[in-house]
Structures are given as structure tokens and as C-alpha cells.
Amino acid sequence: MLEGVIANLLAKYLGDYVEGLERENLKLNVLSGNLSLARLQLKSSALEEFHLPVVVKEGYLGKLHLSIPWKNLSSQPVVAQIENVFLLVGTRQKFDEEEEHIRDLN
């Protein structure tokens, strides 16, 4: 049951970037605060909010590991580790001058 709740939270916060947030990919040890996700595919829209002149053609995260200090959340950080990142990008077909100007301003 808790795995389903956590899977829904992950989908809410990571769903814009990755696919594969199903329960079968989720390994959770509730008491220790360790959470591992394996074989996540990046969505082609994963980098769009950054207004880059590239588009994701293919992308994978081999493993995403979260360490959550449940007993000390106010004093210790949540640690995220990503292993085996593969990212294949291509140039965006229509990267217009307005987007480029906005990016230059930031």
C-alpha cells in the first residue's frame, strides 16, 4: 500500500521527466528510507522547460536511488543518486529567435 502512495508522489514530481514509475520498478525499504527505481526512460519533453536548442531523442536513467532520513527530515537532507545516464539529443527543428533571446536574458 505504501509503495502505491510513494509511486503516486514520484509520478507527480518526476512524471514530467521520466516514464517507468510503475510499482514493479520500485524497491522500497520503508524503515530505512531507501528507495530505488531502475530502468527509467526519459520523456522526449524532459528538457523543454529549459528552452534549449536541443530535443531529447532518447534517454535513460539506469537507477535512481533516494535516501530519506524519516526521523531527521528537518535536520538532514534527502539524498538522490543517479547512475548510468544515457542521453541522446538532437537539434530542435524550429528554435526561433524569440526563444533564443529569452535564453540569453537568463
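1. Arg39 is a place to start. Arg39 lies in strand β3, which covers residues 34–42. The model is a predicted one, and in it Arg39 counts as exposed, because its relative accessibility is 62% and the cut-off for exposed is over 50%. The phi angle of Arg39 is near 55°. That value is positive, and Arg39 is not a glycine.

2. Asn84 belongs to strand β5, residues 79–91. Its phi is positive, about 55°, although Asn84 is not a glycine. Asn84 is exposed, because its relative accessible area is 63%.

3. Next, the overall layout. The protein has two helices and five strands. Read from the N terminus, the order of elements is α-β-β-β-β-β-α. Of the 106 residues in the protein, 26% are buried. The accessible surface of the protein is about 7800 Å², and carbon and sulfur atoms account for 53% of that surface.

4. The contacts can be sorted by distance along the chain. Taking contacts between residues at least 6 apart in sequence, 53% join residues at least 24 apart. Val18 and Leu42 give a pair to look at: they are 24 residues apart in sequence, and their C-alpha atoms are 4.3 Å apart in space.

5. Val18 itself deserves a paragraph. Val18 sits in strand β1, made of residues 18–19. Is Val18 buried or exposed? Val18 counts as buried, because its relative accessibility is 8% and buried means under 20%. With neighbours within four places in sequence set aside, Val18 is in contact with Leu40, Gln41, Leu42, Lys43 and Leu61.

6. Which residues form the largest nonpolar core? The twelve residues are Ile6, Leu10, Val18, Leu21, Leu35, Leu37, Leu40, Leu42, Leu61, Leu64, Leu66 and Ile68. The elements that give two or more residues to this core are helix α1 (2–14), strand β3 and strand β4 (54–67). Strand β3 gives the most, with four residues. Val18 is one of the core residues, and its contacts include Leu40, Leu42 and Leu61, which are also listed in this core.

7. Ser36 is found in β3. Ser36 is buried, because its relative accessible area is 14%, under the 20% cut-off. With which side chain does the side chain of Ser36 make a polar contact? The partner is the side chain of His65, at 2.9 Å.

8. The last point concerns the surface. Ile82, Val85, Leu87 and Val89 form a nonpolar patch there. Together these four residues have about 340 Å² of accessible area. Leu87, one of them, is found in strand β5. Leu87 counts as partly exposed, because its relative accessibility is 43%, between the 20% and 50% cut-offs.

How values were computed: Residues are numbered from 1 along each chain as its sequence is written. This is a predicted model: local features need pLDDT of at least 70, side-chain atom pairs count only at pLDDT 80 or more; totals for chains, interfaces and linings use all residues. Side-chain values use heavy atoms; hydrogens and water are left out. Buried means under 20% relative accessible area, exposed over 50%, partly exposed in between (1.4 Å probe, protein chains only). A polar contact is a pair of N or O atoms within 3.5 Å; within protein, one must be able to donate a hydrogen and the other to accept it, and residues adjacent in sequence count only if both atoms are side-chain atoms. A nonpolar core is a set of buried Ala, Val, Leu, Ile, Met, Phe, Trp, Tyr and Cys residues joined through side-chain atoms within 4.5 Å. Contact means heavy atoms within 4.5 Å. Accessible areas come from the Shrake-Rupley method with a 1.4 Å probe; for residues, only the protein chains shown count as cover. Patches are made of residues with over 30% relative accessible area and no salt bridge: like charges are joined within 9 Å, nonpolar side chains (Val, Leu, Ile, Met, Phe, Trp, Tyr) within 5 Å. A salt bridge is a side-chain nitrogen of Lys or Arg within 4 Å of a carboxyl oxygen of Asp or Glu.
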